[in-house]
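Visitor: I've got this one open and want to go through pockets and helix packing. Where shall we start?

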Amino acid sequence: MATIIGGIGTSHVPTIGLAFDKGKQADPDWQPLFAGYEPVARWLAEKKPDVLFFCFNDHATTFLFDHYPTFALGVSDAYRIADEGLGPRAIPPLKGHAGLSRHIARSLVEAEFDLSIFQDLPLDHGLHSPLTMLWPSAPDWPGQVIPLVVNVLQHPLPTPKRCFKLGVQLRKAILSYPEDLKVAVVGTGGLSHQLIGERAGFNNEQWDLEFLDLIERDPERLASMRIDDFVRLGGNEGAEVIMWLIMRGALAPWAKKIHQSYYLPMTTAMAVALFE
């Protein structure tokens, strides 16, 4: 039977990938960020998960606003790297696990979550910018990914409670898969930032640290909040952290946070947290 060995919450801004590709690991401005990911990368190297289930949002790269799904699950064996304007990153295509993906799709639909299902579409930095911080990409990825694209751009957004409930059902789906697989669940987005409007440049370190505390010990409290609360406290784009609730819902209620890093170098508060 498949098992869930842990979860990861991570920011997903494109500058992470650009800094990685340009070899800025020792740059004084970037070193604290890269250092924060090192314990998570070591944990993954030690635990060797077969699959990373990634909750992220597309940035109007693959899905456009004439059809932007609330939840879209990839069921392919491979996914190309999307060109977001500078050409695709020089990293290998992502390897998928179609069997587990399709099992999850059936399970979630039976649990009354209406999904969009996609194949053969490229994926943007929402997934692969943090992935290169977590897994070595050369000569190839050490495992497979399953992408779940979540709408955090076009209103109405899914509620925090809906995201948490999706995570709970995702856990049941993964644990019911008959193949012996080790799975880690990744939730991406945030932390606090706002890129538009009168509050452009807004950050809220106090809220970020409170969120990082609550996501471990009281995720139900976060799930009971409204999207408007997340926007008010964390900025318009800071509401992306509802995707962390999918990850947390997929973990056992007693899961413990064993690593956390927080860094605020620019417009987005950067964080990574590891749960086991």
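Visitor: What classes do the residues lining the second largest pocket divide into?
Guide: They divide into 5 nonpolar, 7 polar and 2 charged. Here Ala, Val, Leu, Ile, Met, Phe, Trp, Tyr, Cys and Pro count as nonpolar, Asp, Glu, Lys and Arg as charged, and the others, Gly among them, as polar. This is a predicted model, where local features need pLDDT of at least 70 and side-chain atom pairs pLDDT 80 or more, while totals for chains, interfaces and linings use all residues. Numbering runs from 1 along each chain as its sequence is written, and side-chain values use heavy atoms, with hydrogens and water left out.

Visitor: Which residues lie nearest the centre of that second largest pocket?
Guide: Val-13, Pro-14, His-193, Leu-195 and Thr-268, out of 14 lining residues. A pocket is an open set of points on a 1 Å grid over the protein atoms alone, with protein on both sides within 12 Å along at least five of seven lines, and lining residues have an atom within 4 Å of a point. The space in the second largest pocket is about 180 Å³, counted as what probe spheres set on the points fill, with points joined across faces, edges and corners.

Visitor: And how much space lies in the largest pocket?
Guide: About 270 Å³. Its lining has 13 residues, with Pro-14, Leu-18, Glu-84, Leu-86 and Arg-89 nearest the centre. H1 and H4 are the elements giving two or more residues to that lining, and H1 has the largest share, 4 residues. By class, the lining of the largest pocket comes out as 5 nonpolar, 5 polar and 3 charged.

Visitor: OK, at what angle do H1 and H4 pack?
Guide: About 45°, with the axes of H1 (residues 14-21) and H4 (residues 125-134) 8 Å apart. Helices are DSSP runs of H or I with at least four residues, numbered from the N terminus. Axes are lines fitted to C-alpha atoms over the stretch in contact, with angles from 0 to 180 degrees between N-to-C directions. H1 and H4 are therefore oblique to each other: under 35 degrees is roughly parallel, over 145 roughly antiparallel, 65 to 115 roughly perpendicular and the rest oblique.

Visitor: Which residues meet there?
Guide: From H1, Pro-14, Ile-16, Gly-17 and Phe-20 meet His-125, Ser-129, Thr-132 and Met-133 of H4; contact means heavy atoms within 4.5 Å. That set holds 4 nonpolar, 4 polar and no charged residues. Pro-14, then, is in this contact and also one of the residues nearest the centre of the largest pocket.

Methods: 1 Å grid on protein atoms, 1.4 Å probe; cavity = no way out; pocket = protein on both sides within 12 Å on 5 of 7 lines; lining within 4 Å.
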